[in-house]
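Here is my note on the model, in numbered points. Please read it with the structure open.

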Amino acid sequence: MDSYQAQLTVGADPTPIETTVMLDGAQLEMAASGETLGKWQIADLALERIFGGYKMRVEGESATLKFSEPERFTEALNLATGVVSKPEAKPQKVKKEKVKREKATKTKGRHNPAAVEAKQTAEVPAAVETTSAPEPAAERKSAVGWLDEKLESAQKKFGRYLPDWVFSRGGVVVAFGILVLLLAKPEWFSVLFLVVAAIGLITSAIALLDQVIAVRIFRGGFTPVQGLIVSLSIGLVGMVLGALAR
């Protein structure tokens with residue numbers, strides 16, 4: 001099994017990771033710092049060739065591999081996936097066939113009075129059809145359509161940080177219910193936020209120690225520093241809610 005040296009970047013984290021890539025039949029395996037990052041089917045990675053490497057999707061996250069020998073890896077990848085270059089089509093033959101059909105149609109039309117009459121009829125400009133203006137009700141978007149549009153826009157911006165169900169109608173209902181509970185029972189959420197903040201601070205601190213651990217924990221969605229900031233913010237909100245509950 002051949003190995004290839006590459007630099008891996010995941011999600012929004014610009015820091016490259018020195019990675020060893022191995023091809024085993026229809027599977028691709030990656031390792032960094034002597035630890036295996038994972039093994040995936042090549043067909044599931046949606047590889048897209050770029051200058052010096054490939055873009056791909058790893059467990060829902062966007063990642064980039066820049067190889068020290070990209071051509072060598074590409075040859076091995078083509079052999080593994082059975083890709084064969086197809087010869088370009090010859091348009092000249094198609095052009096000749098088209099010319100022949102046009103000549104045959106013109107010749108047939110000259111000796112066929114019915115065809116000539118049909119052609120003259122077709123050349124007469126047709127009456128311009130007028131369409132009534134759409135009703136104002138059809139132009140206005142419904143409230144449901146507006147909500148779906150906003151959810152889709154939010155998913156494009158923040159989809160890599162949160163699961164897909166958050167950006168659905170059910171996610172909106174859940175968010176509204178949480179807001180109602182937050183106003184009714186702030187002391188519950190104070191304890192919950194403080195616990196989440198503590199877990200986030202511990203996890204982010206551990207991730208700062210090793211880049212491989214950071215990739216496994218945050219999967220490119222956050223950096224450890226961002227995790228610390230978010231955890232501190234959640235803890236601050238928890239303390240504010242605790243003060244309001246008293």
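1. How many residues lie between β3 and β4 in their hairpin, and which turn residue has a positive phi? There are 2 residues between the strands. S33 is the turn residue with the positive phi, about 55 degrees.

2. This is a predicted model, where local features need pLDDT of at least 70, side-chain atom pairs count only at pLDDT 80 or more, and totals for chains, interfaces and linings use all residues. Residues are numbered from 1 along each chain as its sequence is written, and side-chain values use heavy atoms, without hydrogens or water.

3. The protein has 9 helices and 7 strands. Helices (H or I, at least four residues) and strands (E, at least two) are DSSP runs, numbered from the N terminus.

4. β3 (residues 27–32) and β4 (residues 35–41) pair antiparallel over 6 bridges; pairing requires at least two DSSP bridges. M30 faces G38 in β4.

5. Next, the core. The largest nonpolar core holds 22 residues. Such a core is a set of buried Ala, Val, Leu, Ile, Met, Phe, Trp, Tyr and Cys residues joined through side-chain atoms within 4.5 Å. Buried means under 20% relative accessible area (1.4 Å probe, protein chains only). L28 and F73 have the most contacts inside this core. Elements giving two or more residues to this core are β1 (3–10), β2 (17–24), β3, β6 (53–58), β7 (61–67) and α1 (70–81). β1 gives the most, with 4 residues.

6. F73 touches Y4, V21, L23, L28, Y54 and F67, leaving aside residues up to four places away in sequence. Contact means heavy atoms within 4.5 Å.

7. Of the protein's 246 residues, 23% count as buried.

Note on methods
Buried < 20%, exposed > 50% of the residue type's maximum accessible area, 1.4 Å probe, protein only.
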